[in-house]
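Please open the structure in your viewer and keep the sequence panel beside it. The tour below goes from one selection to the next and says what is to be found at each stop.

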2 protein chains.
Amino acid sequence: MKADFSRLDRAFAPQCVAVVGDKPDFKWLRGQSQFKGKLYSVQINPRNFEKIKAMGVDNYTSLSDIPEPVDLVIVAVPRAVAPQILDDCVRKGVAAAHVFTSGYSETGTEEGVRLERLLKEQAEQTGLHLIGPNCLGFFNPAVGLKQVPDQYSGTTGPVGFISQSGNHAVAFSMDAHLVGLDLSKSVSFGGGIVLDSADFLEYFGQDPGIKVIGMYVEGVKDGRRFLSVLREVAARKPVVVWKGGRTEDGERAAVSHTGSLAVSQTTWDSVMRQCGAIKVNGSDAMVDTVKALVFLLPVQGNRVGVTGGSGGQSVEIADVFAEAGPKVPLLTQKSYAELASFFNLVGASYRNPIDTGNMNRGQMKRILEILEQDDNVDNLVLLVTPRMVRGNQLDSYLNALIDVRRKANKPVMAFLSTLFSSEETQVAREVIRKLQGAGIPVFGSFQRGARALRNAHEYYEFKRRTDHGTDPG
Amino acid sequence: MKADFSRLDRAFAPQCVAVVGDKPDFKWLRGQSQFKGKLYSVQINPRNFEKIKAMGVDNYTSLSDIPEPVDLVIVAVPRAVAPQILDDCVRKGVAAAHVFTSGYSETGTEEGVRLERLLKEQAEQTGLHLIGPNCLGFFNPAVGLKQVPDQYSGTTGPVGFISQSGNHAVAFSMDAHLVGLDLSKSVSFGGGIVLDSADFLEYFGQDPGIKVIGMYVEGVKDGRRFLSVLREVAARKPVVVWKGGRTEDGERAAVSHTGSLAVSQTTWDSVMRQCGAIKVNGSDAMVDTVKALVFLLPVQGNRVGVTGGSGGQSVEIADVFAEAGPKVPLLTQKSYAELASFFNLVGASYRNPIDTGNMNRGQMKRILEILEQDDNVDNLVLLVTPRMVRGNQLDSYLNALIDVRRKANKPVMAFLSTLFSSEETQVAREVIRKLQGAGIPVFGSFQRGARALRNAHEYYEFKRRTDHGTDPG
């Protein structure tokens with residue numbers, strides 16, 4: 001079915017949502033307690049009426065009784081009842097029906113496969129935009145539409161996320177939020193029997209509020225269409241793809257989970273490269289790579305100039321970057337001459353990484369400016385250590401970095417050691433907010449940041465080649 | 001110089017410590033504020049006398065004036081004064097002198113190299129047990145002897161840590177403590193011009209309080225001796241070795257840092273393997289691998305049985321384990337028959353990983369027991385999700401796991417998603433405390449846990465082969 005984007009606009013940012021059925025703990029109704037539009041419940045069990053009323057929600061015993069148009073219906077009824085509810089959705093003219101209900105082909109049973117076929121036929125015959133089944137549906141924090149009650153709301157960001165797994169959709173939204181990266185829209189599409197990853201990718205591709213797209217997929221139903229959409233969208237904005245089921249064990253788990261068919265990993269990798277998509281292999285890499293793409297200026301080279309650490313950290317970061325791909329090179333003679341004019345070498349060193357030691361910490365702004373001007377350096381990296389977080393040096397460090405970022409033509413990133421007691425978590429969050437607010441992504445480990453920088457660099461390299469017509473795509 | 005272990009016993013667990021000189025913020029005196037023995041200061045600047053007195057510390061203008069024997073002297077004077085202080089140490093008959101002072105060969109200057117040679121000669125001629133220079137010395141939390149004021153005290157654990165980098169020594173102690181892993185003794189030896197990594201390795205090797213040893217080294221002065229000690233110690237207890245300067249960029253940073261000479265990475269890797277040491281490539285891998293070795297029963301195989309997650313998590317963990325080395329295999333027919341007798345497949349699956357879904361969560365104990373009995377499974381893995389942390393299911397989950405661990409002959413590990421708001425950090429810590437108290441290590445990411453399990457398995461494989469005489473060592 002060809003997705004009607006005006007319907008998806010209504011479904012992702014609804015004015016009226018109805019939850020039909022629910023979990024025993026009213027997870028779905030509770031999940032929409034911050035929803036800014038009108039929320040209705042549809043349940044037939046009188047024992048629940050008081051509880052629903054106590055939540056401030058109007059209940060009807062039938063969808064058709066709701067006295068206004070409904071944009072999105074969340075279907076959380078037993079699978080035997082689902083067809084009847086979907087009929088009601090069609091009659092009501094809803095924009096989309098998100099089917100949370102499970103028990104279809106993913107169970108591997110004949111009955112499950114048969115019921116799923118019926119569901120798909122029903123949607124295709126009526127043109128119903130069915131999301132799922134067996135999924136968590138839509139997340140739009142700006143309007144308070146959630147996949148689980150714990151998700152945040154009241155804020156928005158430049159990221160779109162498309163996930164075959166509900167768990168990964170929720171985990172990404174919350175992991176990313178904790179590190180200062182907010183979503184515009186996210187969808188968990190589960191079985192994807194009507195609308196699939198390619199539909200949401202195409203939709204997010206044309207959404208001006210979405211600058212970077214992340215995807216978790218286990219399998220693809222229409223490979224040709226998926227790749228053509230991916231190629232087209234990746235040419236306009238970065239698409240980061242995490243494929244679940246890369247290994248034999250993982251593939252077996254994916255078959256149990258979503259019934260996805262196997263794709264050879266080699267084929268997948270080469271196809272991703274040809275499409276200009278950025279391949280990642282897990283949740284951490286997804287969050288980090290999206291973060292790098294959201295905050296960094298376009299990455300034009302893989303050489304980093306590093307400062308702010310001490311001896312052992314410098315060795316570690318140089319090893320970690322080199323093993324991930326980026327390099328920590330020698331600086332130009334011009335930079336060394338400038339550094340030699342003021343740098344105190346006791347307990348310090350300035351080859352690159354530049355270990356300031358205690359004696360040179362006051363010169364951080366000057367050091368960063370030297371790195372910014374250095375022709376051997378493509379990207380700037382500052383380490384922020386717990387000691388600084390507690391000390392009064394923190395603000396001058398952060399301001400020096402922010403100032404360099406404002407003037408610089410080079411991407412700037414920071415590492416904030418995760419060595420925090422719980423009391424320091426608040427300070428760490430403030431550092432992240434301040435730096436990322438200025439376009440400087442903050443990473444908690446060298447490995448994670450190095451990998452994200454490499455991924456961002458590869459994306460911009462691909463774009464540069466294709467934009468200049470030197471890559472067949 | 002051959003280390004005298006009775007002197008090291010005194011230095012690591014001193015009854016009397018003197019700090020000679022200090023940093024302007026009295027970092028060294030403040031660092032010993034929880035020290036259980038007697039603490040003295042030696043300073044000659046009268047302007048500091050009041051501040052030292054305010055800290056409750058007696059100051060003398062000369063080490064020789066201290067009216068009792070001194071076990072450990074922390075030397076934090078300018079490098080020009082150091083030789084005179086070391087003379088005083090010899091006359092006073094101290095067990096060891098920890099030289100924090102820097103500005104020696106690590107600066108790469110002729111003057112630094114010359115002064116270091118003098119320091120080394122002075123120690124060797126007098127038999128002084130000199131630690132350093134340019135290092136943070138000793139950490140013994142049980143007696144409150146610290147490398148930096150922020151380290152913990154009043155507790156002890158089974159881990160010894162030996163580090164050429166002060167920063168890595170401190171970071172390891174605090175990272176490990178945050179995840180419930182405490183140190184017995186740690187030493188940062190910096191330049192190592194008198195006592196070096198091999199000396200501390202030999203000493204920790206014979207220390208009955210140390211069960212697992214971690215090491216960070218950038219270079220080794222006497223390779224033959226280091227390897228012979230390593231081989232001998234690794235045969236008795238696990239030694240986890242992190243080599244800094246594995247890459248060209250890292251090696252250059254290491255030369256700036258400690259002046260270490262290059263070793264080819266291939267040679268190093270093969271030598272580590274022959275010695276039965278466990279090689280890791282960074283701080284996270286160090287903490288995780290030490291944690292696995294401290295808490296897990298000996299790992300006898302690489303196949304894991306996993307439960308507690310949901311669909312997408314199961315695919316992820318299977319991919320991640322398979323890519324790191326361990327496998328998530330199919331279970332035996334006997335297990336499947338048992339699972340089929342009670343397992344509800346709607347929203348769930350039991351191939352392995354076993355996704356309980358909501359319907360089967362009450363059967364967690366039974367599921368874990370089936371995995372424990374399964375012949376295809378060598379290790380048990382439980383995922384603890386944030387939802388459980390908040391819900392009332394948490395205790396029954398943890399108790400089921402602890403109960404299985406008590407009876408099991410198989411290693412048991414847990415994953416606790418790091419998806420926590422700061423309010424949940426306290427609960428997460430309690431989960432870690434409870435599980436690790438029962439011998440179940442808890443990891444925050446699949447990647448980190450999978451790598452740690454692989455490393456522990458490789459260690460026990462090596463031991464099994466060598467104990468049976470089937471490996472040349």
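**First stop: a serine in a loop**

Begin by selecting B:Ser165, which lies in the loop between β8 (159–163) and α6 (166–178) of chain B; helices (H or I, at least four residues) and strands (E, at least two) are DSSP runs, numbered from the N terminus. This is a predicted model, in which local features need pLDDT of at least 70 and side-chain atom pairs count only at pLDDT 80 or more, while totals for chains, interfaces and linings use all residues. Residues are numbered from 1 along each chain as its sequence is written, chains are lettered from A and ligands numbered from 1 in the order in which they are written, and side-chain values use heavy atoms, with hydrogens and water left out.

Is B:Ser165 buried or exposed? B:Ser165 counts as buried because its relative accessibility is 1%, where buried means under 20% relative accessible area, exposed over 50% and partly exposed in between (1.4 Å probe, protein chains only).

**Second stop: a valine in another loop**

Next select B:Val299, which sits in the loop between α11 and β13 (304–307) of chain B and, at 1% relative accessibility, also counts as buried. Leaving aside neighbours within four places in sequence, B:Val299 is in contact (heavy atoms within 4.5 Å) with residues including B:Asn379, B:Pro411 and B:Tyr460. If you then pick B:Leu416, which is 117 residues from B:Val299 along the chain, the two C-alpha atoms are separated by 21 Å.

**Third stop: where the two chains meet**

Now show both chains together, and colour the 65 residues of chain B that are in contact with 65 residues of chain A. Since 100% of the interface residues of chain B are also interface residues in chain A, the copies meet through the same surface.

Across this interface the rule finds four salt bridges, a salt bridge being a side-chain nitrogen of Lys or Arg within 4 Å of a carboxyl oxygen of Asp or Glu. To see a salt bridge, select A:Arg246 and B:Asp319, whose side chains meet at 3.7 Å, N to O. Among the elements that give two or more residues to the side of chain B that touches chain A are α9 (248–258) and α12 (311–324) of chain B, and the largest share, ten residues, comes from α12(B).
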